[in-house]
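This briefing is meant for someone meeting the structure for the first time.

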Amino acid sequence: MENDPNPGGASVFQHRSVLLAEVLEAMEPVPPGLVLDATLGGAGHAAALLAARSDLELLGVDRDPDALVVAAGRLERFGTRVRTAHANFAQLGDLLDELDEPLVGALFDLGVSSPQIDRPERGFSYRFTGPLDMRMDPTQELTAEVVVNTYPVDRLTRILADGGDVPAARRVAREIVARRPLETTDDLVEATNAGTPAAVRRRGNPAKRVFQGVRLEVNDELESLIDALDQTIDRLVPGGRVTVLAYHSGEDRLVKERFRRADRGGCSCPSGLPCVCGSTPEGRLINRKPIVASEAEVAANPRAASVRMRTLEKGRRAS
Ligand SMILES: C[S@@+](CC[C@H](N)C(=O)[O-])C[C@H]1O[C@@H](n2cnc3c(N)ncnc32)[C@H](O)[C@@H]1O
């Protein structure tokens, strides 16, 4: 298995961890202590980090119970250094309050894992026939079927445009509404094709963006992220770091803005001049520009093509 830190582990979960070396490098300077992996998935990043740093412990969180089962197997060899929790990272505040331990590092590798996308019955992929599901956590109520069959056209347009950057969002939304009830991923693909102008269809499969918009809505991915970053930065020790891997522009914009705000501490003084407004930055950006995957990584793992990685270090003097 590619990138598998535990070849004896569950072999059905094939997910190549993106920017693995870069994540390890970003976490290298953190002090000893507890690291949060808020998107544990198949635990590729987590296992590599624990193997590289024997002075770290891990709290691994995922909202998908299937991922946690696989991760538990892969992390077994690290014994009591690992704790896992089935949770949405939107509830990190409660989880970290209960734990009552500061964090020295945190990783968010956003979005879905390859096994989620590649299993037709999860309904994430426009490439396979499946139910309109798309829930990362199968215990939650909202599914893609509810979104496409009950949302008014304006709301559908907004989620397709904001979450999916769908070029003809309103036309696709109208087509979805006209074809109700939609039952399968194929129905959504057909509505997308019918609502997308031919010139746009020639630029690539339009269903990719539509499925992304619906998936973000079903899993409330953008809202969860804002809360989770606030909670995490709050609990980092001075010198602790948070690294985020984002895969589309909406997510990356949120991360960039939150990290910039932390870096500037709300300072409104002209750039290049000393700060006289008395603001205290929460931390500092480790890279001004996001780290992206090399051509070789993208060739080996096309999922890495859109990744943007950003790291913030908590200020040594910030409260
Ligand atoms: C890209 S995968 C992580 C892969 C992992 N870094 C690895 O190397 O194997 C993202 C994982 O995050 C989980 N996830 C996404 N959003 C989440 C959220 N709001 N709360 C908890 N888990 C989430 C997904 O269920 C998925 O398993």
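This is a predicted model: local features need pLDDT of at least 70, side-chain atom pairs count only at pLDDT 80 or more; totals for chains, interfaces and linings use all residues.

A polar contact is a pair of N or O atoms within 3.5 Å.

- In N88, a polar side-chain atom is found 2.9 Å from a nitrogen atom of the ligand.
- The protein covers 99% of the 600 Å² of accessible area that the ligand has on its own.
- For S17, an N or O atom of the side chain is 2.5 Å from an oxygen atom of the ligand, while for D62 a polar side-chain atom lies 2.7 Å from an oxygen atom of the ligand.

**The shell and the cavity**
- The ligand is surrounded by 25 residues, of which S17, H45, D62, F89 and D109 are the closest.
- The largest cavity is the space that the ligand takes up.

**What the record says**
- According to UniProt, in an unreviewed entry, the feature "binding site" falls at A43, G44, H45, D62, F89, D109 and Q116.
- Of these annotated residues, A43, G44, H45, D62, F89, D109 and Q116 are included in the lining of the largest cavity.
- One of the annotated residues, G44, has its place in helix α2, which spans residues 44-52.

Technical notes: Residues are numbered from 1 along each chain as its sequence is written. Side-chain values use heavy atoms; hydrogens and water are left out. A residue is near a molecule or strand if one of its heavy atoms lies within 4 Å of it. A polar contact is a pair of N or O atoms within 3.5 Å; within protein, one must be able to donate a hydrogen and the other to accept it, and residues adjacent in sequence count only if both atoms are side-chain atoms. Accessible areas come from the Shrake-Rupley method with a 1.4 Å probe; for residues, only the protein chains shown count as cover. On a 1 Å grid over the protein atoms alone, a cavity is a set of points where a 1.4 Å probe fits but cannot get out, and a pocket is an open set with protein on both sides within 12 Å along at least five of seven lines; lining residues have an atom within 4 Å of a point. A molecule sits in a cavity or pocket if more than half of its atoms lie within 2 Å of its grid points. UniProt positions are given in the numbering used here, feature names are shortened, and annotations may be inferred rather than shown by experiment. Helices (H or I, at least four residues) and strands (E, at least two) are DSSP runs, numbered from the N terminus.
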